[in-house]
Amino acid sequence: MSSIETTNLLGMSPQQLTELVAQWGGKPFRARQLQRWMHQRCTDQFDLMTDLARDFREQLTAHCEVRAPSMSHEHISADGTRKWLFDVGQSNAVEAVFIPEDDRGTLCISSQAGCTVACPFCSTGYQGFNRNLTTAEIIGQLWFAKRALLQAPEAARIGEGQTENQRVISNVVMMGMGEPLLNYDQVLGALLLMLDDHAYGLSRRRVTVSTSGVVPMMDRLAQDCPVALAVSLHAPNDALRDRLVPLNKKYPLVELLAACNRYLQRAPRDFITFEYIMLDGINDADQHAYELLEIAKQVRCKFNLIPFNPFPQSGLKRSSANRVRQFAQLLSDGGVVTTVRKTRGDDIAAACGQLAGDIRDRTRIQERMPARATILLKQEPA
Ligand code: SAH
Ligand code: SF4
């Protein structure tokens, strides 16, 4: 139940909760208890928070709520991948994807409904931009997924060896819909809760922000909350990157690489992960690999090659498995650790770049820009 006066506690920082509790004469440790009930036990009912005083619980019930975005669809893939579609109002929807592996469980979450960056290989980019998510909506995806997984029969097997609080979801990646660093303040609030020992208690190494390269915000993140960083490189030179990641026109490679080096001074890992989508005939020639190796001389990095996940409107093709293997080999032979991302959950359209397929294009961007991929292909130098 929500009303205009009801305060949603889910996205509140420890300080905001402490202040709220103080209004009712509560000590700071009450705020921490409340945090643990919400984020560790995933409780949204105040009357179940049995170690809180009865009159405090009554105040909370009268004025507050714990509200994640409402889930409208759940898909479970044959490989155990789960995808949830969340309704965030005004016919906006975002998605979160859970990927179980033997030694870890990774949740991929969204930061915006749509995205302004408009990369031509990304279905989120095709939607145009709808709005930024709030901290409650971002952390709410983690809250919801954790609660669902704690109740799932296979949950006991996932992430054995992790502490109880991190057992089911041991890693979070901000690689869903949207550009996290263009929704900085709300994303920061969510990241701080992910790391908070009274909330999700994840280490900075196990939380990854993926960015298309918003240089000034990379610097701020390094100061405010230096989690692991993945940078969507996708092209080894400005001419091609301007087309594949249009934000490159604002923050070209020389600035992006310098920002990566500044970030590394504070990062929890001693390398940046460069994501590189493999697009047939666009960015997958040997020459591109050699250019990437030049970049690797400037920044300590690893490459993560992502086979392109096609969607109908893109007009683009995935590089062949053979080409991906050869490209990876060139990079490895050049001395840079290179991995190829396994495609998971593609039977439920939960793979990278396929999110929110059902509600795509409400802003009719395809009608306004029908030939984006065609333009891209035509501009490719011979
Ligand atoms: N906006 C951020 C984070 C979300 S996108 C960013 O761009 O980094 C997360 C990753 O999915 C990025 O590396 C992005 O390039 C990749 N991606 C987008 N569309 C894809 C597609 N169709 N196939 C494979 N990967 C895709
Ligand atoms: Fe936005 Fe990332 Fe998709 Fe590019 S790849 S349009 S930055 S979500």
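Leaving aside neighbours within four places in sequence, which residues is L34 in contact with? I listed L9, L17, V21, F46, M49, L52, F56 and L60, where contact means heavy atoms within 4.5 Å.

**Ground rules**

I am working with a predicted model, in which local features need pLDDT of at least 70, side-chain atom pairs count only at pLDDT 80 or more, and totals for chains, interfaces and linings use all residues. Residues are numbered from 1 along each chain as its sequence is written, chains are lettered from A and ligands numbered from 1 in the order in which they are written, and side-chain values use heavy atoms, with hydrogens and water left out.

**Entry 1: the chain as a whole**

Of the 382 residues, 56% count as buried (under 20% relative accessible area; exposed is over 50%, partly exposed in between, with a 1.4 Å probe and protein chains only). Taking contacts between residues at least 6 apart in sequence, I noted that 67% join residues at least 24 apart.

**Entry 2: back to L34**

L34 belongs to helix α2, residues 28-40. Its relative accessible area is 0%, so I filed L34 as buried.

**Entry 3: ligand 1**

I found 20 residues around ligand 1, the closest being F121, S210, S232, H234 and N309; a residue is taken as near when one of its heavy atoms lies within 4 Å. Next I went through polar contacts, pairs of N or O atoms within 3.5 Å (within protein, one atom must be able to donate a hydrogen and the other to accept it, and residues adjacent in sequence count only if both atoms are side-chain atoms). An N or O atom in the side chain of S232 is 2.6 Å from an oxygen atom of the ligand. A backbone N or O atom of F121 lies 2.8 Å from a nitrogen atom of ligand 1, and a polar backbone atom of G178 is 2.9 Å from a nitrogen atom of ligand 1.

**Entry 4: ligand 2**

Around ligand 2 I wrote down C115, V117, A118, C119, F121, C122, G125, G178 and S212. This shell divides into 6 nonpolar, 3 polar and no charged residues.

**Entry 5: two phi angles**

Most residues other than glycine have a negative phi. A118 lies in the loop between β7 (112-114) and α4 (123-127), and at 16% relative accessible area A118 is buried. H234 also turned up with a positive phi, about 65 degrees. H234 sits in the loop between β11 (228-232) and α8 (238-244) and is buried at 4%.

Is H288 buried or exposed? H288 counts as buried because its relative accessibility is 11%. H288 is in helix α10, residues 286-296, and, not counting residues up to four places away in sequence, touches P236, L240, Y276, I282, N283 and F327. S203, in the loop between α6 (184-195) and β10 (207-211), is partly exposed at 35%.

Technical notes
Nonpolar A, V, L, I, M, F, W, Y, C, P; charged D, E, K, R; others polar. Helix = DSSP H or I, 4+ residues; strand = E, 2+ residues; numbered from the N terminus.
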